[in-house]
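The points move from salt bridges to the interface, then to helix packing and the backbone.

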Amino acid sequence: MLDPDVQAELITSAVDGDERAWSLLVDSFSGLVWSLLRSHGMYGAEAADIYQTVWLRCVEHLARLRDPSMLAAWLATTTRRECYRITRKRERVGSNADLPEFADPAWKDPAESVVAGEQLAAFRSGIEQLGTSCQELLRLLCIDPPVSYEDVAAALEIPKGSIGPTRQRCLERLRRIIDEGESR
Amino acid sequence: MNGEGDDSEMMDQLRRALVSDRPPEALMTAAKASFTWRAVDAELAELLSDSSTEALTGVRSGDGPRTLEFASAASSVALEIVESGPAIGLRGQISPSGPTEVVVESTTASLTLAIDEDGWFNGTVNLTGNIRLRADGIVTDWFSL
């Protein structure tokens with residue numbers, strides 16, 4: 001999580017041509033872009049395409065942010081717009097979405113034990129079944145390194161105070177989805 | 001109703017489940033390399049509209065060419081994209097007219113098209129991925145084909 005003053009400095013430096021500052025911004029905000037595109041069901045080549053477009057465009061827009069704290073909101077809006085474009089494109093050409101890597105039964109996180117792996121797999125497929133806004137919130141809150149509450153609120157265009165209650169409601173839904181999956 | 005403790009335990013589980021879902025290293029490297037495409041000397045023509053993000057209506061409007069509009073304080077670019085196979089047909093107009101050529105660039109290649117006296121240009125390009133247009137001190141936002 002970047003301190004707001006550090007973030008403002010990094011943006012100023014990057015605008016002035018400091019490539020290292022730009023790299024740190026990419027490191028700090030990649031999780032945000034990635035979480036949002038996942039929440040819109042983007043995987044594989046589609047995810048890669050959106051991620052690249054957002055960062056290429058960001059280079060030129062950095063200098064035009066009215067306020068450095070607007071970066072998260074700008075990235076979120078641009079990512080959502082690109083997700084929307086891909087969704088429209090699928091409808092138009094009648095193609096299917098790229099599937100999550102872990103939808104493949106052979107997929108396994110090498111770091112997970114078998115028992116833990118099954119539990120975590122239930123979470124991974126559970127979150128996929130949540131609505132977009134719950135996915136956006138929960139995924140943003142899971143990012144490592146974490147994104148500040150200010151940025152989460154800005155990215156979702158909700159007041160900071162409603163993050164807690166919304167999180168509770170979304171977790172409740174997720175719990176129900178996972179329980180239903182287990183009892184089947 | 002579950003307590004606060006249950007919720008935080010659940011968040012921990014969710015974090016563990018999602019920890020390895022991050023952008024691949026190669027993509028992050030490419031994002032960092034985007035910086036080399038900084039157009040410091042040019043005026044940005046921002047993407048104002050893109051027909052490919054408009055909702056489909058009852059009629060099959062999706063079959064027409066994709067149209068994009070860009071504008072800076074001083075100029076605007078209208079663009080029409082017709083896809084047919086690997087080749088992409090581009091047709092557009094820059095206003096005010098004046099520039100005599102437009103460079104279509106991707107992150108791996110570029111080519112130049114002539115602009116006529118009324119600002120019109122057209123041509124076929126074999127580019128993929130993200131592209132942008134550059135003409136006489138104007139550069140458009142990147143857009144994905």
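1. A salt bridge is counted here when a side-chain nitrogen of Lys or Arg lies within 4 Å of a carboxyl oxygen of Asp or Glu. The model under discussion is predicted. By this rule, the count over all chains is 22 salt bridges.

2. Within chain A, the side chains of A:Arg80 and A:Glu157 form one such salt bridge, at 4.0 Å from N to O. A:Arg80 belongs to helix α4 (residues 71-93) of chain A, while A:Glu157 sits in the loop between α7 (149-156) and α8 of chain A, so the pair ties together parts that are 77 residues apart in sequence.

3. How many salt bridges does the rule find across the interface of chain A and chain B? There are seven across that interface. A:Arg139 forms a salt bridge with B:Asp21, and the closest N and O atoms of this pair are 4.0 Å apart.

4. The interface itself brings 53 residues of chain A into contact with 49 residues of chain B. The two chains, A and B, bury about 4,800 Å² between them, and 59% of this area is on carbon and sulfur atoms. A:Leu56, A:Glu60 and A:Arg92 supply 14% of the area that chain A buries against chain B, more than any other three residues.

5. One helix pair spans the two chains. The axes of helix α8 (residues 163-183) of chain A and helix α1 (residues 4-18) of chain B come within 11 Å and cross at roughly 70°. Because of this angle, α8(A) is roughly perpendicular to α1(B). The crossing of α8(A) with α1(B) is left-handed.

6. Which residues of α8(A) and α1(B) meet? From α8(A) come A:Arg167, A:Gln168, A:Leu171, A:Leu174, A:Arg175 and A:Ile178, and from α1(B) come B:Glu4, B:Asp6, B:Asp7, B:Met10, B:Met11 and B:Leu14. Sorted by class, this contact of α8(A) with α1(B) has six nonpolar, one polar and five charged residues.

7. Helix α2 (residues 19-39) and helix α3 (residues 44-61) of chain A have axes that come within 11 Å and cross at roughly 140°. That angle is why α2(A) is described as oblique to α3(A). The two helices, α2(A) and α3(A), cross in a right-handed sense.

8. In this pair, the α2(A) residues in contact include A:Trp22, A:Phe29, A:Trp34 and A:Arg38. Among those they meet in α3(A) are A:Ala47, A:Tyr51, A:Trp55 and A:Cys58. By class, the contact of α2(A) with α3(A) comprises 14 nonpolar, two polar and one charged residue.

9. In chain A, a cis peptide bond joins A:Asp144 and A:Pro145, with omega about -5°. A:Pro145 lies in the loop between α6 (132-142) and α7 of chain A. In chain B, a cis peptide bond joins B:Ser95 and B:Pro96, with omega about -5°. B:Pro96 is in the loop between β4 (87-95) and β5 (101-106) of chain B.

Terms used
Residues are numbered from 1 along each chain as its sequence is written. Chains are lettered from A and ligands numbered from 1 in the order in which they are written. This is a predicted model: local features need pLDDT of at least 70, side-chain atom pairs count only at pLDDT 80 or more; totals for chains, interfaces and linings use all residues. Side-chain values use heavy atoms; hydrogens and water are left out. Axes are lines fitted to C-alpha atoms, for helices over the stretch in contact, and angles run from 0 to 180 degrees between N-to-C directions. Helices (H or I, at least four residues) and strands (E, at least two) are DSSP runs, numbered from the N terminus. Angles under 35 degrees count as roughly parallel, over 145 as roughly antiparallel, 65 to 115 as roughly perpendicular and the rest as oblique. A crossing is left-handed if the near helix is turned anticlockwise from the far one by less than a right angle, and right-handed if clockwise. Contact means heavy atoms within 4.5 Å. Ala, Val, Leu, Ile, Met, Phe, Trp, Tyr, Cys and Pro count as nonpolar, Asp, Glu, Lys and Arg as charged, and the others, Gly among them, as polar. Buried area is the accessible area (1.4 Å probe) that two parts lose on being put together, summed over both.
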